[in-house]
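Here are a few notes to read alongside the model. Have the viewer open as you go through them.

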Amino acid sequence: MKIIIDTYGVDDGIKIPIEGAISALKEKDFVPVFSGDKEKIEKIIDGRIKSYEIIDAKDKIENNEDPVKAIRRKKDSTMVKAFDKLNEDGYDGLVSAGSTGAILASGLFISGRIKGIKRACIATSLPTYENTTLLLDTGANMDCKAEFLKEFAIMGSVFAKNVLHIENPTVSLLNVGIEEHKGNKLAKETYKLLEESSINFKGNIEARDLFTGKTNIVIADGFDGNIAIKTAEGVISLFSKEIKDAIYKSFSTKIGGALIKNSLKENLSKYNSDSIGGAPLLGVNQYVYKAHGNSNEKAFSSAILGLIDYVNTNTIEKIKGELE
């Protein structure tokens, strides 16, 4: 299996994707294909990988660029060259921490949409009390129609069934209340479409229940989904800091902290995004994973391993079958 790795996009530089690939190789067998500056990549690898490929690309797509214009203008960028290579036979998947908009545009215009799908989306895994919940979309589509959200629900259900091994996954709609009549025009129209569909729709869900495990899939437009996920990340980060400050407040609290340290670490570890690493871009004809821009080595390694699992399930083919 050949996995293409866009080395540009991580906040801490190209070393992170390369070290992440080296770490992932300890767990799974694949051939990393690095897209980026050949000289810099080989210097970092320094003989530690026996089998690998390099797509020499020195141009970059920045986060502040218009995504569609950028992929059309920057044909020699790490991302465009990576997506072009993915369309060739023998290459199985691609992971990038670059601009979400550019990844979406590349997926749509280079890989192409799955027939019957009008919008691709990003499906982010959320840790919960009991299992994993998928939230989609989380940033690919800021403006949506009800029919787009229905497509997200279908793709999310197929992904949850095949990749997360959840039989007949439940689907809920992110809203300001659980009652059917609540929400804006988009929410009300989407509710009706989901209710009439064959998916296992369970109604509305509020943002406070994102991490309770009440449902397997939460559907939202990219604007609301992105705000929800980033708010959650901020609260979790703040909560962790508050706990740490409370433990180190005095000598007695330090003693108490030492007694619960292992249990606390185990309970909070499920909320660490490093273990998830990234999220699939659903709705395009190739297997693509979006890694976090603030990824460290562990997070990028997790993204690569998640992508490999995604490839091995033939989920794209199953989504096509579901649409047919």
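1. First, a term: a crossing is left-handed if the near helix is turned anticlockwise from the far one by less than a right angle, and right-handed if clockwise. Keep in mind that this is a predicted model, where local features need pLDDT of at least 70, side-chain atom pairs count only at pLDDT 80 or more, and totals for chains, interfaces and linings use all residues. Residues are numbered from 1 along each chain as its sequence is written, and side-chain values use heavy atoms, with hydrogens and water left out.

2. Have a look at helix 6 (residues 146–162) and helix 11 (residues 315–323): they pack at about 130 degrees with axes 10 Å apart. Ile154, Met155, Val158, Phe159 and Asn162 of helix 6 make the contact (heavy atoms within 4.5 Å) with Thr315, Lys318, Ile319, Glu322 and Leu323 of helix 11.

3. Now helix 1 (residues 15–24) against helix 10 (residues 297–312): the angle is about 60 degrees, and the axes are 7 Å apart. Helix 1 is therefore oblique to helix 10, and this crossing is right-handed.

4. Thr124 sits in strand 6 (residues 124–127). Thr124 is buried at 14% relative accessible area (the cut-off is under 20%, with a 1.4 Å probe and protein chains only). Leaving out residues up to four places away in sequence, Thr124 touches Thr133, Leu134, Leu135, Thr138, Ile229 and Ala279.

Terms used
Axes are lines fitted to C-alpha atoms, for helices over the stretch in contact, and angles run from 0 to 180 degrees between N-to-C directions. Helices (H or I, at least four residues) and strands (E, at least two) are DSSP runs, numbered from the N terminus. Angles under 35 degrees count as roughly parallel, over 145 as roughly antiparallel, 65 to 115 as roughly perpendicular and the rest as oblique. Buried means under 20% relative accessible area, exposed over 50%, partly exposed in between (1.4 Å probe, protein chains only).
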